[in-house]
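Biologist: I would like to know how the labels on this structure were reached. Please set each value against its cut-off.

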Amino acid sequence: MDLQFLRSILAPHRGRLLRLMVMLLLEAAIALSIPWFAGRLGGYFFGEGQHYSPGLLTASILGLLGAGAGLRMVSTWLSGRTSEEIVAELRSRIFAQLQALPILWHQGERRGSAIALISWDLLRLSNFATD
């Protein structure tokens, strides 16, 4: 696959892909910060280290869990939407390419073989992009 072709496919979606990357980084930061807060809460109960308010630590953990779940939901929706739009654009380009082929090429092929192959490949690509 040519890098220029890939760039032409992804260019219209670069803003959404950038937002998605930022959201995924925030998800990772939240997931990594929850054990820190849990460790401080455990330290409070076992009398180790600095003492933090257990109510504040518990609220922080619950808030981070809620924010992480919200970010996960939005990022899953955004990645699914973006990947479906990219696959739809690829399907349109392939269909236009098939229409541009000469009639003799279509007559030489088995009926429906090209469409079946392309549909199967795009379905696999769609599953790869959304999973």
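Biologist: Why is Phe45 called exposed?

Modeller: Exposed means over 50% relative accessible area, buried under 20%, and partly exposed in between, with a 1.4 Å probe and protein chains only. Phe45 has 58%, so Phe45 is exposed. This is a predicted model, in which local features need pLDDT of at least 70 and side-chain atom pairs count only at pLDDT 80 or more, while totals for chains, interfaces and linings use all residues. Residues are numbered from 1 along each chain as its sequence is written, and side-chain values use heavy atoms, with hydrogens and water left out.

Biologist: Why is the pair of Tyr44 and Phe45 called edge-to-face?

Modeller: Rings of Phe, Tyr and Trp (its six-membered ring) pair if their centres lie within 6.5 Å; planes under 30 degrees apart count as stacked, over 60 as edge-to-face and the rest as tilted. For Tyr44 and Phe45 the centres are 5.4 Å apart and the planes 75° apart, so the pair is edge-to-face. The structure holds two aromatic pairs. Trp36 and Phe37 form an edge-to-face pair as well, with 5.0 Å centre to centre and 85° between the planes.

Biologist: How do you know that Ile9 is buried?

Modeller: Ile9 has 3% relative accessibility, and the limit for buried is under 20%, so Ile9 counts as buried. Ile9 lies in helix H1; helices are DSSP runs (H or I, at least four residues), numbered from the N terminus. Leaving out residues up to four places away in sequence, Ile9 touches Ile86, Glu89, Leu90 and Arg93, where contact means heavy atoms within 4.5 Å.

Biologist: Why is H1 called oblique to H3?

Modeller: Helix H1 (residues 3-10) and helix H3 (residues 54-100) pack at about 120°, with their axes 10 Å apart. Axes are lines fitted to C-alpha atoms, for helices over the stretch in contact, and angles run from 0 to 180 degrees between N-to-C directions. Under 35 degrees is roughly parallel, over 145 roughly antiparallel, 65 to 115 roughly perpendicular, and the rest oblique. The angle falls in the rest, so H1 is oblique to H3. Phe5, Ser8, Ile9 and Leu10 of H1 meet Ile86, Glu89, Leu90 and Arg93 of H3.

Terms used. Helices (H or I, at least four residues) and strands (E, at least two) are DSSP runs, numbered from the N terminus.
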